[in-house]
Amino acid sequence: MGIHRQLCFLASLLLAIHAGPILKPSDEEKAIAEDYLRKFFNLEDEMSFPRVHPEEEFNAVEKVELEEVKVEAKEKVDTLSVKLKEMQTFFGLRVTGKLDRETLEVMKKPRCGVSDVRSLKTSNLMSEGSPKWKTNPLTYRIENYTPDMTKAEVDHSIRRALQVWAEVTPLQFTRIYSDRYGTPDIMISFATTDHGDGMMFDIPTLAHAFPPGSGLGGDAHFDDDESFTFSNNSHNVFVLFLVAAHEFGHSLGLSHSSVSSDLMYSLYTFTDLDRSPLSSNDIKEIQALYGLPDCQNLVWDAVTTFRGETVFFKNGFYWRESQGRTVTQLPIRSFWPNAPDNIDAAYEDPVHNKLFLFKGSQVWAFDGQNLEPGYPKPLSSFGLPASLTRVDAAVHDNNSGKTLLFTNREYYSYDERQNRMDEGYPKRVNTRYAWVTGVVTAAHMSNGNTYLFIGRTLLEFSDRRFPGLLQNNYFLPC
Ligand SMILES: [Zn+2]
Ligand SMILES: [Zn+2]
């Protein structure tokens, strides 16, 4: 190492030492930390950090140092240190077992009031095992409102937050307006500080919810001392939809995740409101409790082959059958990060080995998972009329090399080998596929047969004179 590099090394070493936690936590911060560890990491009530008393500080530097040595020695075996390490591990912080700045900063961040660990002590909030609802549909009632938003905004936020979970499970949610129709499973209310369930609201808690069960079970409470909003992403204002979607995860039986991109992460995180806040992990967890939605009742947005598999699209998700006839439902963006949030139509072009996804007046092309340069492009790049605002369904025919693009009750034929639209189109769908009276919502080809989805109806067109009527879940065993 040259002299210059040695100097640089020394300088960075000094910097590193200086950047360390020089400031000792104040008594107030120690109290915050104890409270935090009690609430979220099951610290026992009698455990507390040693306080440095002013007279001792005044006495002699030696005495303070001696105190520090004693504290540090104690910390090695202390529950506090163990709890701090547990918390630091959970949040991916440096695991020091000490109350350093970084740890204190996380403790001040807005979060959910439910514990980060499962234990007997907090069993009123997190029961052992995996509690789940045995009934479906579940009922909910909004008991009161926050002055932060209009009633319509609150109603909409709550409905959408429940819908987040309904999209990935067979669960359905019915709103009831009065106790006359029985006690709802999920009671939703806004409250402040002490509100009668033994779970005080204070900084930095935004809300909490109880796992499935009778009484308080399933109920979700929101701290009205916080500011809720319909859609603003600004400091110290929290999108009710996102907070509620997280809380309803608890209402359905989920506990906290330590992965920051999961909705069930304990700290509040703003995410794109135009798409589902669920990660693949959240979906896996909730489906482990309730299973997948019932495919038979779904109107697919699109169906296509993709590398020898059949892939179905619905809202922000794609579905496929993996080995062992198990069906998986994952966010579209988890596989195609540059895809739109949801799509209208899809097809695979084996000639150029590309996957095309349509949404509105645009089309995206993918090579595997990667977006092709120059995409998304307008539909007119396909030779479709510029006035066209959407494609409802698309399917590629390997035998003819043609791709059929359905829109409303008409279809176009695109020649993949010649890279141009065929003459004489659009044509009425029922001139080629008799019996089809509705709009084709998704289309698929398999073993030389064409399958058209008209809403929940699936028709099979083969050599036979009449189309076959099939169950909507014919291709997906769920
Ligand atoms: Zn939570
Ligand atoms: Zn409460």
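Trainee: What arrangement do the 4 donor atoms around the zinc ion (ligand 1) make?
Mentor: Good place to start, and keep in mind that this is a predicted model. The 4 donor atoms subtend angles of 101 to 115° around the zinc ion (ligand 1). Four donors count as tetrahedral if all angles lie between 85 and 135 degrees. The arrangement is therefore tetrahedral.

Trainee: Which residues are the protein donors of the zinc ion (ligand 1)?
Mentor: Look for a set lying 1.9 to 2.2 Å from the zinc ion. Along the chain, the donors follow the spacing C-x133-H-x3-H-x5-H. The donors are Cys112 (SG), His246 (NE2), His250 (NE2) and His256 (NE2).

Trainee: How many residues apart in sequence are the parts that His246 and His256 tie together?
Mentor: Find His246 in helix H8 (residues 240-251). His256 lies in the loop between H8 and H9, so the pair ties together parts that are 10 residues apart in sequence.

Trainee: Is Cys112 buried or exposed?
Mentor: Buried means under 20% relative accessible area. His246 is buried, and so is His256. Cys112 has 4% relative accessibility, so Cys112 counts as buried.

Trainee: Which residue does a disulfide join to Cys295?
Mentor: The structure holds 1 disulfide, with an S to S distance of 1.7 Å. The pair links distant parts of the chain, 183 residues apart: Cys295 is in the loop between helix H9 (280-290) and strand E9 (302-306), and its partner is in the segment after strand E26 (468-470). That partner is Cys478.

Trainee: How does Cys478 count, buried or partly exposed?
Mentor: Cys295 has 0% relative accessibility and so counts as buried. For Cys478 the value is 23% relative accessibility, so Cys478 counts as partly exposed.

Trainee: Which residue does a cis peptide bond join to Asn136?
Mentor: Go to the loop between strand E1 (111-112) and strand E2 (138-142), where Pro137 lies. The omega of the bond is about 0°. The residue joined to Asn136 is Pro137.

Trainee: What is omega for the cis peptide bond that joins Tyr375 and Pro376?
Mentor: Pro376 lies in the loop between strand E16 (370-371) and strand E17 (377-378). For the cis bond joining Tyr375 and Pro376, omega is about 5°.

Trainee: What is the phi of Asn408?
Mentor: Asn408 sits in the loop between strand E19 (402-407) and strand E20 (410-415). With 47% relative accessibility, Asn408 counts as partly exposed. Although Asn408 is not a glycine, its phi is positive, at about 55°.

Terms used:
Residues are numbered from 1 along each chain as its sequence is written. Chains are lettered from A and ligands numbered from 1 in the order in which they are written. This is a predicted model: local features need pLDDT of at least 70, side-chain atom pairs count only at pLDDT 80 or more; totals for chains, interfaces and linings use all residues. Side-chain values use heavy atoms; hydrogens and water are left out. A disulfide is a pair of cysteine sulfur atoms within 2.5 Å. Helices (H or I, at least four residues) and strands (E, at least two) are DSSP runs, numbered from the N terminus. Buried means under 20% relative accessible area, exposed over 50%, partly exposed in between (1.4 Å probe, protein chains only). Donors are N, O and S atoms within 2.8 Å of the metal (3.2 Å for Na, K and Ca); water is not among the atoms, so sites may look incomplete. Four donors count as tetrahedral if all angles lie between 85 and 135 degrees; four count as square planar and six as octahedral if opposite donors are over 155 degrees apart and all others between 65 and 115; anything else is irregular.
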